[in-house]
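Here is a short tour of helix packing and pockets for you to follow alongside the coordinates. Have your viewer ready and let's take a look.

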Amino acid sequence: HSGDLRTDLTAVADQTWHELHAHPWLLQAPKSRPWIGPHVSARYEWQLGALEGIGLTDLEMDQALAMVLGFTEACARDSVEAARARAASTMSDVEWWERNAPVLATLMSADDFPVSGRVGQAAGEEYQAAADPARTYRFGLARIVDGLEVLLAGR
């Protein structure tokens, strides 16, 4: 690790992001009773190394890592599921939304849903889909690190 919290936590999260995309079956692997072995232990040691010596207690290190990995997994799951949906439907997200726009317009009038209608339209136009899991991942990971930096600065 470089010793820079943002760089190191991003490296840990990015490794997880790429692994979950390369091996999506890992998204179904049990978490409460994880696999035990030397590689799993070495991985945990490396991941914790991103947090070692920055001023967190041992429990805070474990919780911060769990927060980063849980967030990364949630975004990766959304990304993998979106790719599966596109492949299964043989439609792009834009095509799917074009087909379903009349239903949405019927169920969600702008008068009844002014905020979600406005935000949803802006997001849909930008993403050309209902969501952009990779963009959400980058945004959220940066905010998690921001929060850890604020916590540490207050000590």
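How close do the axes of helix α3 and helix α6 come, and at what angle do they cross? Before the answer, a word on the ground rules. This is a predicted model, in which local features need pLDDT of at least 70 and side-chain atom pairs count only at pLDDT 80 or more, while totals for chains, interfaces and linings use all residues. Residues are numbered from 1 along each chain as its sequence is written, and side-chain values use heavy atoms, with hydrogens and water left out.

## α3 against α6

The axes of α3 (residues 58-89) and α6 (residues 133-153) come within 9 Å and cross at roughly 170°. Axes here are lines fitted to C-alpha atoms, for helices over the stretch in contact, with angles from 0 to 180 degrees between N-to-C directions. Helices are DSSP runs of H or I with at least four residues, numbered from the N terminus.

Contact means heavy atoms within 4.5 Å. On the α3 side, the contact is made by A64, M67, V68, F71, T72, C75, D78 and S79; α6 brings P133, T136, Y137, G140, L141, I144 and L148. By class, these residues are 10 nonpolar, 4 polar and 1 charged (Ala, Val, Leu, Ile, Met, Phe, Trp, Tyr, Cys and Pro count as nonpolar, Asp, Glu, Lys and Arg as charged, and the others, Gly among them, as polar).

A pocket is an open set of points on a 1 Å grid over the protein atoms alone where a 1.4 Å probe fits, with protein on both sides within 12 Å along at least five of seven lines; lining residues have an atom within 4 Å of a point. Points are joined across faces, edges and corners, and a volume is the space filled by probe spheres set on them.

The largest pocket holds about 820 Å³. Its lining has 23 residues, with K31, P34, V40, R43 and L69 closest to the centre. At least two lining residues each come from α1 (5-22), α2 (38-49) and α3.

The second largest pocket holds about 580 Å³, and W97, L104, G120, Q121 and G124 are the closest to its centre of 22 lining residues. α5 gives the most to this lining, with 8 residues.
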